[in-house]
Amino acid sequence: MPHLHIEYTENLTGLNERELMRELNAVICSHPTVPDEADVKARIARLSMGNVYIGNQPDNRGFVHLQLQLMAGRSTEAKKEMSDGLAAVLRRLVPHPEGVMVQLSVDVADMDKATYFKGRL
Amino acid sequence: MPHLHIEYTENLTGLNERELMRELNAVICSHPTVPDEADVKARIARLSMGNVYIGNQPDNRGFVHLQLQLMAGRSTEAKKEMSDGLAAVLRRLVPHPEGVMVQLSVDVADMDKATYFKGRL
Amino acid sequence: MPHLHIEYTENLTGLNERELMRELNAVICSHPTVPDEADVKARIARLSMGNVYIGNQPDNRGFVHLQLQLMAGRSTEAKKEMSDGLAAVLRRLVPHPEGVMVQLSVDVADMDKATYFKGRL
């Protein structure tokens, strides 16, 4: 059930979406608390600059933000390991265009086990 | 205030977006804990395969994921009923293309009543 | 780290996306619990009517929905102030087309500090 939502601003030119998703998924799939790699579902959204506004002086700013949603029950340590691993991939793969302030962030959120449904066709 | 966010991968060809939203909303609108049908707001996003990555062997995989956001205060039983009802609609309406592993999931999340604002024009 | 997600239905013709983001960000940036304006990251999504379904009689309905994600630790009062300020901007700037029922809503959600990552390039 891990769900990964990736957002990035289009001024991060050169960002390779497929490579980024593959490497982020690799971190999650290899974590001991994730038994089935097929459960890891990543999606990426490229935000056009017209649809983004950063602070009150928005020029020459960009970001990559990840939200990882996990079934509740993992320890803070386990979640922190995943967050650190994802952050390391961002530091390695996100381009830094000249003159752009680039913010990176990772949010790890729990989902409620008692009411979650999962199934396969 | 119920908010329903529907995501599905475009390889689930033949999925009828309007029908799916109508039937999912019907489940929520008819629940005894939802007094006003007009409050139920669904949106659907079709994810292109280039923007999705499932596990570490992503070929021939797809998913439909729902997130239902509700004002906190409902019992786990009430939320489970809604989750089950939504899951039943997914099982009925989501197409299963030959050779594709299709994952279905429903996440029910609470929103904080003390800081939520709602109004109408 | 405040993240602001704005969604609106395209039948709210005349809505000025840049002005709305600027004014919403101004509320958040000026709050005493937000030390660095550059941290406030807003994105706006215009939802086509074909991708939205409101209640069970969806014609002539629209909405604007905000989700503000904040690092956990602020008081309910601080979060309520931000929610009220954002709601006031919506009441001031969201157009009300003749014959359309327009719903406005603001959800303020906490993010887990222990596992959040932020960095800059």
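This note goes through the predicted model point by point, from one chain to the contacts between chains.

1. On conventions, residues are numbered from 1 along each chain as its sequence is written, while chains are lettered from A and ligands numbered from 1 in the order in which they are written. Because the model is predicted, local features need pLDDT of at least 70 and side-chain atom pairs count only at pLDDT 80 or more, whereas totals for chains, interfaces and linings use all residues, and side-chain values use heavy atoms, with hydrogens and water left out.

2. The C-alpha trace of chain A spans about 45 × 30 × 25 Å along its principal axes.

3. Within chain A, the side chains of A:Glu23 and A:Arg92 meet in a salt bridge at 3.3 Å, N to O, the term standing for a side-chain nitrogen of Lys or Arg within 4 Å of a carboxyl oxygen of Asp or Glu. This pair links distant parts of the chain, since A:Glu23 lies in helix H1 (residues 17–29) and A:Arg92 in helix H2, 69 residues apart. By this rule the count over all chains comes to 30 salt bridges. As background, side chains of opposite charge can pair when their charged atoms come close.

4. The chains are related by rotation, and chain C is superposed on chain B by a rotation of 120° with 0.0 Å of shift along its axis, at an RMSD of 0.0 Å. That is the relation of a three-fold axis. A rotation of 120° with 0.0 Å of shift along its axis also superposes chain A on chain C, with RMSD 0.0 Å. Such superpositions are made by least squares on the C-alpha atoms of residues with pLDDT of at least 70 in both copies.

5. Where chain A meets chain C, the contact (heavy atoms within 4.5 Å) takes 33 residues from chain A and 27 residues from chain C. The two chains bury about 2,600 Å² between them, 51% of it on carbon and sulfur atoms; buried area is the accessible area (1.4 Å probe) that two parts lose on being put together, summed over both. On the chain A side, A:Asn51, A:Tyr53 and A:Gln103 lose the most area to chain C, together 24% of what that side buries.

6. Two salt bridges are counted between chain A and chain C, and A:Arg61 and C:Glu37 meet in a salt bridge through their side chains (2.8 Å, N to O). There are also 18 residue pairs in polar contact between these chains, both residues at pLDDT 80 or more. A polar contact is a pair of N or O atoms within 3.5 Å; within protein, one must be able to donate a hydrogen and the other to accept it, and residues adjacent in sequence count only if both atoms are side-chain atoms.

7. The elements that give two or more residues to the side of chain A that touches chain C are strand S3 (52–54), strand S4 (61–71), helix H2 (76–93) and strand S5 (101–111) of chain A. The largest share, eight residues, comes from S5(A). By class, this side has 15 nonpolar, 12 polar and six charged residues, with Ala, Val, Leu, Ile, Met, Phe, Trp, Tyr, Cys and Pro counted as nonpolar, Asp, Glu, Lys and Arg as charged, and the others, Gly among them, as polar.

8. Turning to chain C and chain B, 33 residues of chain C are in contact with 27 residues of chain B, and the area buried between them is about 2,600 Å². C:Glu7 forms a salt bridge with B:Arg43, the closest N and O atoms being 2.5 Å apart. Four bridges join strand S6 (residues 117–120) of chain B to S5(C), which run antiparallel, and B:Arg120 has C:Gln103 as its bridge partner in S5(C).

Methods:
Pairing = 2+ DSSP bridges.
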